[in-house]
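I opened the notebook to record what I looked up, one topic at a time. The entries follow the order in which I checked things.

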Amino acid sequence: ETLRGAMEQVDGLVAGDDGPYGLMVTTVDGETADWSRDQSWWCLSKDGAMLDTGVDSTMIEDGDHYEFTYTVG
């Protein structure tokens, strides 16, 4: 199962726009990052290490710990 599939089981946890690489997360737990306004974005990490995959292609396993960090610039 993917991270996106797991997150979509929690109503309102994440939102975004579907694009050629999958879901571009723009909102996490009601907080929206807007690159065009202030160059903010959500950084996806696993166990503190930034991932270079998106939520659609990140496979999950029991015990994994993921973080979204609101990032500017």
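**Entry on Val28.** Val28 sits in strand β2; strands (E, at least two residues) and helices (H or I, at least four) are DSSP runs, numbered from the N terminus. I noted its contacts, leaving aside neighbours within four places in sequence: Leu13, Val14, Trp42 and Phe68. Contact here means heavy atoms within 4.5 Å. Val28 and Thr2 are 26 residues apart in sequence, and their C-alpha atoms are 17 Å apart in space.

**Entry on the source.** This is a predicted model, in which local features need pLDDT of at least 70 and side-chain atom pairs count only at pLDDT 80 or more, while totals for chains, interfaces and linings use all residues. Residues are numbered from 1 along each chain as its sequence is written, and side-chain values use heavy atoms, with hydrogens and water left out.

**Entry on β1 and β2.** I checked how strand β1 (residues 14-19) pairs with β2, and found the antiparallel sense over 6 bridges. Two strands pair if DSSP finds at least two bridges between them. β1 and β2 make a hairpin, with 2 residues between them. Asp17 has Met24 in β2 as its bridge partner.

**Entry on the open sheet.** I then traced an open sheet of 3 strands, in the order β5-β4-β6, with antiparallel pairing. Its edge strands are β5 (49-50) and β6 (66-72), each pairing on one side only. Strand β4 (residues 40-46) runs antiparallel to β6, and 7 bridges join the two. Lys46 stands opposite Tyr66 in β6.

**Entry on Ser40.** Ser40 belongs to strand β4. Ser40 counts as buried because its relative accessibility is 2%. Which side chain makes a polar contact of 3.2 Å with that of Ser40? I found Tyr70. A polar contact is a pair of N or O atoms within 3.5 Å; within protein, one must be able to donate a hydrogen and the other to accept it, and residues adjacent in sequence count only if both atoms are side-chain atoms. A polar atom of the Ser40 side chain also lies 2.8 Å from the backbone nitrogen of Asp34. Not counting residues up to four places away in sequence, Ser40 touches Ala33, Asp34, Trp35, Tyr70, Thr71 and Val72.

**Entry on Ile60.** Ile60 is in the loop between β5 and β6. I wrote down that Ile60 is partly exposed, with a relative accessible area of 25%. Ile60 and Glu1 are 59 residues apart along the chain, yet their C-alpha atoms are separated by 6.0 Å. Beyond four places in sequence, Ile60 touches Glu1, Thr2, Leu3, Ala6 and Tyr66.

Technical notes: Buried means under 20% relative accessible area, exposed over 50%, partly exposed in between (1.4 Å probe, protein chains only).
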